[in-house]
Amino acid sequence: MKKLKLKVNFDVCTFCNHQCNFCSNPDNRTIKSQVNIEQYSKVMDNISKYIEIEELGLSAKGEVLINKDLANIIKISKEKYNIKYLYISSNGALFVKEKIDELLSAGLDSTKFSINAVTKETYKKIHNQDDFDIVIENLKYLIEAKKIKFINHKIFISSVTTIDKNLLEKKFEELLGKENMQYINDIFVFKLDYTSKFEETKSNEIITKGCPIPFNEVYINSDCSLGFCCKDYFDEINFGSLLNNDFLDLYHCKQYEDIRKMHIKKEFPNNHLCKNCLLYKKENDV
């Protein structure tokens, strides 16, 4: 059997040390759990029989650095499962020097810092933690590590903000130093309506555009179940555990196939997760 070529996002920890005011994580509907190395290996053995993993993300709904097995997870991903490109997203507060050296040495290819303010005061209001100075210092150390030893490591910054990208880049230049900006691969700016505050939208006003996720990606929850999408903040769609079910049986189950048909036809029941999705705007807004 020819293997499927898919991107995989394995959300190995949904606990978080911050409570960002735009995020779904503080909501008590968010399932909190994390994956240990034994569970991770069992799931990866299951899916790698059928998938040629083109890239692997290890974070989505929580703070991945809380997971104590993360270095071993990265190492086995590289050495046993031959993952070519492996990345995480983090608020950066726990990404101290020792952790940076450990994870990059284990094989981490890319890090995205989620920094949603450019002043200490605003950061505290948004993140509900007074970690701004710590995060900036950690990011500076990551840049130094890239300069000296890990030159191919990719560094990104993402920010949910009303500031436009050009101004945001200038602010980070002031914080990090102009000479360091060449080591930042890109800065991503997201508006609030991209986030989990989906109550602000109305499903009958949304036209879902072509979405690659049902066809090109696999999302695995922190309880090792096959989910549908990282935008499914409260686990509305769940296809079953990958610890005791064959991946291919779940991936081609009727529920999953029905969702793929909806995407092909671009027809969704009212209040369906995909119809409410904020990633895809009205067609006349594009």
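The face of helix α4 turned away from its buried side carries E121 and K125, which are exposed (over 50% relative accessible area; buried is under 20%, partly exposed in between, with a 1.4 Å probe and protein chains only). The model is predicted, with local features needing pLDDT of at least 70, side-chain atom pairs pLDDT 80 or more, and totals for chains, interfaces and linings using all residues. Residues are numbered from 1 along each chain as its sequence is written, and side-chain values use heavy atoms, leaving out hydrogens and water.

**Exercise 1.** Identify the buried residues of α4 and what they pack against.

*Solution.* Step 1: α4 spans residues 120–127, and its buried residues are Y123, I126 and H127. These three lie on the same side of α4, because they cover an arc of only 80° around the axis, taken from the directions from the helix axis to the C-beta atoms. An α-helix has 3.6 residues a turn, so residues three or four places apart point the same way.

Step 2: The buried residues pack against β4 (110–114) and α5 (132–148), contact meaning heavy atoms within 4.5 Å. Helices (H or I, at least four residues) and strands (E, at least two) are DSSP runs, numbered from the N terminus.

**Exercise 2.** Locate N82 and C224, and state whether each is buried or exposed.

*Solution.* Step 1: Most residues other than glycine have a negative phi. N82 has a positive phi near 55°, and C224 one near 70°.

Step 2: N82 is in the loop between α2 (70–79) and β3 (86–90) and is exposed, at 55% relative accessible area.

Step 3: C224 lies in the loop between β7 (217–220) and β8 (225–227) and is buried, at 1% relative accessibility.
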